[in-house]
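Subject: Structure handover and salt-bridge findings

Dear colleague,

Please find the structure below for your use. My notes on its salt bridges follow.

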Amino acid sequence: IGAEIVQEPGALMWVELMAKDTSQAADFYEKVLGVETGPMEGAPMPYTTIKVGGLDVAGMMNISDMGPEAAPVPPSWSIYFGTSDADNSAEKAKSLGATVIVPPSDIPGIGRFSVLKDPQGAVFSVFQPVQSND
């Protein structure tokens, strides 16, 4: 049934698939899970979202769209945990023994993230969404 608490600091924020072919992956997950997929409007690069009940719950991108340095990255899922301060979370994780793989960085119009590796070697990300002015 999924997670009951999402998109809050400390909770699951997003999951993302790095794929060799997002069209093929979208077709697979649509058939296996019964989800909908489609392009993310306004994304800074080609990006496909996965929707459940009309709500974006995950995304996917082609490894090749990330540039030649990403070529050795195998297809894989990534997990993002919510935070109210990506910079502070990355610094705190580092002080507790984590390795900062990608320092806190902006995704224009979307938010701020950092990719970390915990002391046991598991990779995860923290994500701070852009604050809306609603």
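D87 has a relative accessible area of 35%, so the residue counts as partly exposed (buried means under 20% relative accessible area, exposed over 50%, partly exposed in between, with a 1.4 Å probe and protein chains only). The model is predicted: local features need pLDDT of at least 70, side-chain atom pairs count only at pLDDT 80 or more, and totals for chains, interfaces and linings use all residues. Residues are numbered from 1 along each chain as its sequence is written, and side-chain values use heavy atoms, with hydrogens and water left out.

The side chain of D87 meets that of R112 in a salt bridge, at 2.7 Å from N to O (a side-chain nitrogen of Lys or Arg within 4 Å of a carboxyl oxygen of Asp or Glu). This pair links distant parts of the chain, 25 residues apart: R112 belongs to strand β7 (residues 111-117) and D87 to helix α2 (residues 86-95). Helices (H or I, at least four residues) and strands (E, at least two) are DSSP runs, numbered from the N terminus. A network of salt bridges joins D87, D106 and R112.

In helix α1 (residues 22-33), K31 and D27 lie 4 residues apart, about one turn of the helix, and their side chains form a salt bridge of 3.2 Å, N to O. K31 is exposed, at 64% relative accessibility, whereas D27 is partly exposed, at 35%.

K51 forms a salt bridge with D56, with 2.5 Å between the closest N and O atoms. K51 is partly exposed at 24% relative accessibility, and D56 is partly exposed at 28%. The count by this rule is 4 salt bridges.

Yours sincerely
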